[in-house]
Amino acid sequence: MPMTLTRIIVNRSHRQARVDLVNRPGMHKTLMRLLAHPAGPTPRKNGGLLFRLEPGLDPGLDPVLLVQTADTPDLKGLPGGYGTTDTRDLTPMLTALTPGLPVRYRITAAPTAYRPTGAPPDPVTGRRPRGKITSLQGQDAQAWWQRQAANAGLHLTGPTEALRRPFPSPDRPAPFYKLTQFDGTATITAPDLLATALREGVGKGKAYGAGLLTLAPA
């Protein structure tokens, strides 16, 4: 299955771009226009859409948006003047994944866990409710990423830098979409698992700028 990554230098003087930068659900709606053939009850998932707003190195520069799609994106779907784009095929990167290969990674994720609520078991099945979903922070978030990385075929080899990222969403409280950016180094242990994590994303909040895992040579 093909996979592409589009780098968009967002034009902050563009009205829709300014709106999207302070409303992540709105940005998702705009980026859905890039899918050439959205289909089914889960078009974002079917189209492989994942995105991440990169942290700005200079407040005076236009922000950079990374957008991953399963197929070559339909860039005509973006509003005119939204930003400048550059798209590359990720197939060579996927085929180069091998056990033991050292990499640098970055992911902005929404670490979460289900916490018990004290509700009684179901009288028929005897099972307790799954619990309330809760955002994780600090060491709990770090431990969450360590588990997710292992499940994604990565062995973390150095300290992980964790940075809280904003989740702008004026239209809804989004109580558990609190984002954390993880950066570090790792070695590949299971290329098949890693390829799946790269394609499908990691964790919750994928429709809101979370879950996109990117790699670079270490």
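**Note on the predicted single-chain model**

1. Surface. The chain has an accessible surface of about 11600 Å², with 55% of that area belonging to carbon and sulfur atoms; areas are Shrake-Rupley values with a 1.4 Å probe. This is a predicted model, in which local features need pLDDT of at least 70 and side-chain atom pairs pLDDT 80 or more, while totals for chains, interfaces and linings use all residues. Residues are numbered from 1 along each chain as its sequence is written, and side-chain values use heavy atoms, with hydrogens and water left out.

2. Overall build. The chain contains six helices and eleven strands, taken as DSSP runs (H or I, at least four residues, for helices; E, at least two, for strands) and numbered from the N terminus. Of the 218 residues, 45% are buried (under 20% relative accessible area; exposed is over 50% and partly exposed in between, with a 1.4 Å probe and protein chains only). Among contacts (heavy atoms within 4.5 Å) with a separation of 6 or more, 73% join residues 24 or more positions apart.

3. Helix H2. H2 (24-31) is mostly covered, with seven of its eight residues buried. These are Arg24, Pro25, Gly26, Met27, His28, Thr30 and Leu31. They pack against elements including strand E1 (4-10), helix H1 (15-21) and strand E2 (50-53), as well as H3, E3 and E10.

4. Leu34. The loop between H2 and helix H3 (43-46) holds Leu34, which is buried at a relative accessible area of 0%. Leaving aside residues up to four places away in sequence, Leu34 touches Val67, Pro73, Asp74, Leu75 and Leu78.

5. Aromatic pairs. There are three aromatic pairs in the structure; rings of Phe, Tyr and Trp (its six-membered ring) pair if their centres lie within 6.5 Å, and planes under 30 degrees apart count as stacked, over 60 as edge-to-face and the rest as tilted. Tyr105 and Trp145 have ring centres 5.4 Å apart and planes at 50 degrees, so this pair is tilted. Because Tyr105 is in strand E5 (residues 102-109) and Trp145 in helix H5 (residues 138-151), the pair ties together parts 40 residues apart in sequence. Tyr105 is buried at 3% relative accessibility, and Trp145 is buried at 0%.

6. Cavity. One cavity of 30 Å³ or more is present. On a 1 Å grid over the protein atoms alone, a cavity is a set of points where a 1.4 Å probe fits but cannot get out; a pocket is an open set with protein on both sides within 12 Å along at least five of seven lines; lining residues have an atom within 4 Å of a point. The largest cavity has a volume of about 50 Å³, and its lining consists of Arg24, Arg52, Leu53, Thr108, Arg165, Pro166, Leu179 and Gly209.

7. Second largest pocket. This pocket has a volume of about 470 Å³, the space filled by probe spheres set on grid points joined across faces, edges and corners. Of its 24 lining residues, Arg104, Thr214, Leu215, Ala216 and Pro217 lie nearest the centre. Strand E3 (64-69), E5, strand E10 (179-188) and strand E11 (213-217) each supply at least two lining residues, and E11 gives the largest share, five residues.
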